[in-house]
Amino acid sequence: MAKLNFPSDFVWGTATASYQIEGAYQEDGRGLSIWDTFSHTPGKVVNNDNGDVACDSYHRYEEDVALLKKLGVKAYRFSIAWPRIFPQGTGEVNEKGLDYYRRVVDALLAAGIEPAVTLYHWDLPQALQDKGGWANRDSIDAFVKYAEVIFKEFNGKIKQWITFNETWCVSFLSNYIGAHAPGNKDLQLAVTVAHNCMVAHGEAVKKFRALGIEGQIGTTHNLYWYEPLTTKPEDVEAARRSRAYYNEWFMEPTLKGTYPQFMVDWYRSKGAEVPIQDGDMETISQPIDFIGVNFYSGGYTRYKKDEGLFDSEDVQVGFDKTFMDWNVYPDGLYKVLSWVKDEYGDIPIYITENGACYEDELAEGNRVHDALRADYYKKHFIQLHRLIESGVQLKGYFAWSLLDNFEWAEGYKKRFGIVYTNYETLERHPKDSYYFIQKVIADDGLEV
Ligand SMILES: N#[N+]C[C@@H]1[C@@H](O)[C@H](O)[C@@H](O)[C@@H]2O[C@H]12
């Protein structure tokens, strides 16, 4: 056995998001979000599940903080629900909404845990969606006003800020594929939403700098690693497009201030143009202090004429699968972050999400023997160590997720937590994977 040691300043954490854990969807003045609308629309979410109660963290956040303290994490990534702060998206601040986050932040700090806050994790106020949502450039200004309130309120308490979570999901998953709220299926709309969200990110960074807010700010993109099944040029090009769909389309504007031209041309060939206005690219690529990367999977791609958006298809080549039917691909984590370093230099990186969904059952003594999930984490932790050793500026890792929670369109059957949520009683029960991670954190490393 060998011990893989991590730097003593490596930040171990876990992650959640407001709509997925809070519940209390009509409490203390919270306005409706697009996810309340979407989940209350029959047929949109498995079992017609919704986030009305979720994990009830709005009332049980102290239990969550106690679990975090026992786990030994240095940081906790969670998101703030815009509709709690501005129930109508803009206008008067809802003080009761701010009060909830004041309680959460103070409880974390009292437990010696740093809050890492995502400003936008998909719960757009419905009132803004009614005016076009992210397709309407007015939402950019509304987002900056919301961000400014949070920056000022928590300046000095929150020191790690993430503007957006997974802009690909906000744009393509939600407005081209249509699987997430608001559920549109229009390529031009998706390209426009992606652009406006990235402009909103940049404008928020400018506001953060202008206000002199303490700490570091970045954004989170979900990156995948796809390779061509063969060296045939058509497979190589198909894989290039599949990867850029998730990666370059977002990373290049954010870190270089340009869109990848081969993808601009490809979307143009499909009838979609990027609605760039003067100054947008400079705004989007405002210097940031770190890049957040959510990594779950990847695989192999080959050319298939007229298949999907990119004349490509993913090929099943014998990966183990999670309960989301995603490939378990720890090498993909090493490859994608090595690519980030090669393409974008030594920008500090936090893995802001990584984790796995498996079918979990509560066993005797309220234990959950989730060996597959613990093994998933072990395999990915080995890659973290490999990346650090290779010189990648990997600064931290947030396991997704602290709790089983509302898994968007998959509802509650898909469990990602290292803590089991009993949705009847709302009790929390640490799984074996929780204790595995607890030991890695305590030992500053793992035995392999
Ligand atoms: N699906 N899945 C799990 C997980 C989702 O629950 C998060 O909210 C997203 O940020 C990201 O998609 C990853």
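Let's start at Glu 95, which is partly exposed with a relative accessible area of 41%; here, partly exposed lies between buried, under 20%, and exposed, over 50% (1.4 Å probe, protein chains only). Arg 102 also counts as partly exposed, at 22% relative accessibility. The side chains of these two residues, Glu 95 and Arg 102, meet in a salt bridge, 3.0 Å from N to O. By salt bridge we mean a side-chain nitrogen of Lys or Arg within 4 Å of a carboxyl oxygen of Asp or Glu. Side chains of opposite charge can pair when their charged atoms come close. Another such bridge joins the side chains of Arg 240 and Glu 237, at 3.4 Å from N to O, and the count by this rule comes to 36.

A word on the model before moving on. It is predicted, with local features needing pLDDT of at least 70 and side-chain atom pairs counting only at pLDDT 80 or more, while totals for chains, interfaces and linings use all residues. Residues are numbered from 1 along each chain as its sequence is written, and side-chain values use heavy atoms, leaving out hydrogens and water.

Now to the ligand. Around it are 14 residues, the closest being Gln 20, His 121, Glu 353, Glu 407 and Trp 408, where a residue belongs if one of its heavy atoms lies within 4 Å. A polar side-chain atom of Gln 20 is 2.7 Å from a ligand oxygen atom, and a side-chain N or O atom of Asn 165 lies 2.9 Å from an oxygen atom of the ligand. The protein buries 94% of the 320 Å² that the ligand exposes when taken alone, by the Shrake-Rupley method with a 1.4 Å probe.

Note on methods: A polar contact is a pair of N or O atoms within 3.5 Å; within protein, one must be able to donate a hydrogen and the other to accept it, and residues adjacent in sequence count only if both atoms are side-chain atoms.
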